[in-house]
Amino acid sequence: MRSPIHDYLTELLQSCAVVEGGAPASYIPELAEVDPTLFGIGLSAVDGAVYCAGDADVEFTIQSISKPFVYGFALEDLGPEMVWEAVDVEPSGDAFNELSLEPETGRPMNPMINAGALATHALLLPGGGVDARVERIRAGLSALAGRELEIDEQVYHSEMETAYRNRALANMLRSAGNVDLEPLQLVRGYTRQCAVRVTTRDLATMAATLSNGGVQPRTGERVFSARVVRQVLTIMTTCGMYDSAGDWLSTVGIPAKSGVGGGIIGVLPGQAGIATFSPPLDTHGNSVRGVGAFERMTEDMGLHLMSVPPPARSVLRDDGEVTTADGGRVGIYALQGAIQFAGAEWIARHLEQFPPESPTVAWDLSRTYSVNKVARRLLLEIARGLEDDGRTVVLIDPDGVIADPVIGEGRRLRVVDSLAGIVGEEALRVPAFYTSPSVDTPTPDVTTVE
């Protein structure tokens, strides 16, 4: 069976291809000559599956989409404190090539505008030359894409011929004492960074690496730490779309970055990386058709990060009681999904107000795929409280989502792989609530909580 995602992307591309307006970047001669009808869309899941439509394998230059990745390289290589001293993290509200620095510190406002990107580029490999920095970036971008990427020399030379604005920014940074590099050398290195050739398919995979917490989905290589990914996605959310960042966050609502080559990447954390390519740009320097495609995907697929998720009580699918082979009673609580603080708090309140009557309590985590740190700690505290009250707590945890379930003083919860490990094979009867999608558990009263 053909996945419907292919058909959806094809239909999306066809519907957005008729959007008119915009023009390729005219201030870079090579980009001005790009075919304006090119249009590609790519989506990569965090396990490496990639879906594409249109001109997704046509190469073009990455341009400013390199900025968040190079910012990530600087954070990995130097640490956040050194990077923060050189580049701030505040939205500027200015165009991407604005001649602006913070008056007090001489720092660029953020690493997504050109001044900030130049300062970030200068941080890499202190004492190294242009070629070494560029190779660090090219190799890093290649690791993100999962293939060797090359630099488009024609675009590089074309950009250098008209890079007067970036030269002015580099001179301004040097004058403010923000960089030690010779301004022209800095601009040459940064321009080569922007001239790395990618495809829409590459960009979707690179975005999925961020979505996957810094691990490249296909190669399994960890390119960024989870902490660096969090910082990169934060800056992409607030600054990635330049002076239209607020409009983007309102209408699309995911971390993103655009480039004047016509590309846009979007990151849906933990789910997918998305990329589009279409050369005609709007007045902000963002692809007209790309923006339209992302807006449509948000509406169709519910991608907006600020969309209200299901209530925390949905983590408790249902509960009930089973009988063991020797006639004992076990209260089963079937949990599901991703459990974070709100879900664990709801479970704690539920058990406090509706205490289990059976002497043994089992939490079935077989349909739970993650428990974050604060939820794990809270759940283990709940388990310790139940055992202190004379009950026995057992985890049905075949995938080990609660690692090392120690509840203090050398006590460790019993862990089994299935319900049969508690009741015994000979007494195993699948409870009705295991096969029912309904959630009939009572809702705890919030008015009793202080």
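**Cut-offs behind the labels**

Colleague: Why is R138 called buried?
Modeller: R138 has a relative accessibility of 16%. Buried means under 20% relative accessible area, exposed over 50%, and partly exposed in between (1.4 Å probe, protein chains only). So R138 counts as buried.

Colleague: What sort of model are we looking at, and what goes into the values?
Modeller: It's a predicted model, where local features need pLDDT of at least 70 and side-chain atom pairs count only at pLDDT 80 or more, while totals for chains, interfaces and linings use all residues. Residues are numbered from 1 along each chain as its sequence is written, and side-chain values use heavy atoms, with hydrogens and water left out.

Colleague: What makes E148 and R138 a salt bridge?
Modeller: The label needs a side-chain nitrogen of Lys or Arg within 4 Å of a carboxyl oxygen of Asp or Glu. Here N to O is 2.8 Å, so the pair qualifies. E148 sits in the loop between helix 6 and helix 7, R138 in helix 6, 10 residues apart. Helices (H or I, at least four residues) and strands (E, at least two) are DSSP runs, numbered from the N terminus.

Colleague: And is E148 buried or exposed?
Modeller: Exposed, because its relative accessible area is 56%.

Colleague: How do you know that E59 pairs with R147?
Modeller: Their closest N and O atoms are 3.1 Å apart, so they pass the salt-bridge cut-off. E59 lies in the loop between strand 2 (50-54) and strand 3 (60-61), and R147 in the loop between helix 6 (130-145) and helix 7 (153-161), 88 residues apart. At 34%, E59 is partly exposed; R147, at 31%, is partly exposed too.

Colleague: Where do R349 and E345 lie?
Modeller: Both are in helix 14 (residues 341-353), four residues apart, about one turn of the helix. Salt bridges that share partners also join E59, R147, D152, R197 and D202 into one network. The structure holds 18 salt bridges.

Colleague: What makes C16 and C239 buried?
Modeller: C16 has a relative accessible area of 7% and C239 one of 3%, so both fall under the buried cut-off.
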